[in-house]
There are 2 protein chains.
Amino acid sequence: MKTVSIRDIARHLNLSITTVSRALDGYPDVSNRTRVRILETAAEMGYVPNQAARQLRRRKTDAIGYVLSSSHARFNDPTIADTLSGLADEAAVHGVDLIVSIAPPDSDQESAIFKRLSRSQKVDGVILGRIRKEDWRVQFLHDEAMPFVAFARSNDAVDYPALEGSYEYMLPRIITHLKSEGYQRLAFIGGDSDSVFHINRLEGFKEGLEANQLAYYPELVFTGNYASSAGYETTLQLLKNQPRPDAIVCISDETAFGVLHALREKKVKAGSEIGVTGFGGTAESTYSDPPLTTVDIPIYQLARQAVATLMSVIRKKKEIVIPEVPEPVLVIRQSSIIGAT
Amino acid sequence: MKTVSIRDIARHLNLSITTVSRALDGYPDVSNRTRVRILETAAEMGYVPNQAARQLRRRKTDAIGYVLSSSHARFNDPTIADTLSGLADEAAVHGVDLIVSIAPPDSDQESAIFKRLSRSQKVDGVILGRIRKEDWRVQFLHDEAMPFVAFARSNDAVDYPALEGSYEYMLPRIITHLKSEGYQRLAFIGGDSDSVFHINRLEGFKEGLEANQLAYYPELVFTGNYASSAGYETTLQLLKNQPRPDAIVCISDETAFGVLHALREKKVKAGSEIGVTGFGGTAESTYSDPPLTTVDIPIYQLARQAVATLMSVIRKKKEIVIPEVPEPVLVIRQSSIIGAT
DNA sequence: TTGTTTTTCCAAAACGTTTTGGCTTTGCAA
DNA sequence: TTGCAAAGCCAAAACGTTTTGGAAAAACAA
């Protein structure tokens, strides 16, 4: 905390603080000899620029924000680790800090956080996760002229950079696979009904059914919470009624784990009796019983790209190139194979 | 981004910026009438104090830092979600920001991050996770006089506030339970060998054996990575040799899941043939096959308490009270019951 | 030589707060 | 009336940078 400022270096070398500042910033109007002297003593004295002063003067913060939705976090969402690693890693690449907050979706806290983030100039930009169909955050940030990038696109009438992170086009592939295995009566367990992920993936589910000439049963479509509990409880319900579905398509791996557990408890064979698929490609999907058919989503990459895009918006690159998102992969395991043990 | 400053308010009301500042900060030397006027126009004009300016002047940042260890994150550690929610929630309570970075343990990046954090005055304090036996970070932060709190205590000769988050005393209880079930030959799959969690829990394991008059087999003790893969691979190894252990104690639930999967693959009945226990109490432990005996750790609470403690250090409370950490609970499920199906 | 350009440096202002050390004005007591 | 205290307000300095707009010195050109 014994902090050395640019002024100390200047005094120490009998130079002006202007020259020291400019030397450190690499301006050409300081001779090589003095530049070297300055760099050396700076290093030697352990100089690190004071962020607050720099921010105040430069009028930017070199920080970006990410607000976890707490429902999200509390349920131990496995994506959170990958997401944060990606965000933090890429932020480091660009030399900016990552400020993480947490709030329930559409809560007062959430709105307070976003107001503070933008108006008190805490961050240069924001990453938006868990996009809702109508998302007040995009309108707000747009109005505030605060740069942002989203993991998916909402329905708001605002043009903004968004990754296509819902991967709804993978659902038809899942369904084609299920049909080829002989499953016919498909259920769907989704997320909260206003999340874009849920809406898009449900849409993909319907399209998949249609493309495969399978019937759509509205009574077999459920909302959930991305967590195991939704899968577990919904499945218990589902098993009570006849006719049963013969396959359950889940919006997340976690949900699918809950389904598997319920089936096991009710002595229904996952795979041979009822097919189950997840979405996400968590490490545990390899180790479940039976191993889970899922879509392997490159969340870590996605997060990195979100930050990369945001930085190009902030730094006012001429055109924002939204980087290609790596293709997800359908991983077929025993949970969706009728001939499985 | 059209930002309104304290000066705007002053001009608008024909007052000095001093008065406005003092009114907003609640000083007594401003009349009630003007205070109200100021508060009203401030709200009306949407004033939010500029953080950088405030930090610069007040010489504190109202932010705390947390550095994820990336090996940690990449393996999809389930504790990360709870930890971060706890940190972020409690940070919000105290009105401070949480800055999250990521770096591999003992790497150059890690040292660069900590240097920047402390010297450029980005944060008022730091939370330390994944404590190592000899942890350079505690010496460093101590030398820099940067406040910090750790989730567990290292061996360094420095006095600092640390929670007792390794809960090694729960291991004897696990072992007593295992013994009472009739298991005798116990294996242990841990974490990285220099982490305090690993060391303490292994110690607890040994003590538990001794207390229960069970033999300690060094060849049955393994390091790992807290993730499923370690459990899976170690178990495959373990099953090749005779005599086998009849129970496997794991340092984390994830590790235990890997163990369960390996056992299933090799047609060994978890529970009746080989007992398995985890540590952590993840939601999935309820849903595994068989359900996993584990120790339910209040990670979220622990994280909150870490922040609370840190804030009391920062705010220079006379004495630092390290809050009581809620008691973990041993949850016994079928994975460690011999009579189980 | 004089004039011109280039190189190298710097004083001062600015960013938006907080804080110090007052200065007026008012009210009250003597 | 004077003296004094309290209440209410403010100018200016400070925090540590960056940036503007030169100025002095050196190098070069004529």
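Modeller: A:Lys122 forms a salt bridge with B:Asp97, with 2.8 Å between the closest N and O atoms, a salt bridge being a side-chain nitrogen of Lys or Arg within 4 Å of a carboxyl oxygen of Asp or Glu. Across the interface of chain A and chain B the rule finds six salt bridges. This is a predicted model, in which local features need pLDDT of at least 70 and side-chain atom pairs count only at pLDDT 80 or more, while totals for chains, interfaces and linings use all residues. Residues are numbered from 1 along each chain as its sequence is written, chains are lettered from A and ligands numbered from 1 in the order in which they are written, and side-chain values use heavy atoms, with hydrogens and water left out.

The contact (heavy atoms within 4.5 Å) takes 52 residues from chain A and 52 residues from chain B. On the side of chain A that touches chain B, 23 residues are nonpolar, 16 polar and 13 charged, where Ala, Val, Leu, Ile, Met, Phe, Trp, Tyr, Cys and Pro count as nonpolar, Asp, Glu, Lys and Arg as charged, and the others, Gly among them, as polar. The area buried between chain A and chain B (accessible area, 1.4 Å probe, lost on being put together and summed over both) is about 5,000 Å², and carbon and sulfur atoms give 55% of that area.

Because 100% of the interface residues of chain A are also interface residues in chain B, the copies meet through the same surface.

Technical notes: Buried area = accessible area lost by both parts, 1.4 Å probe.
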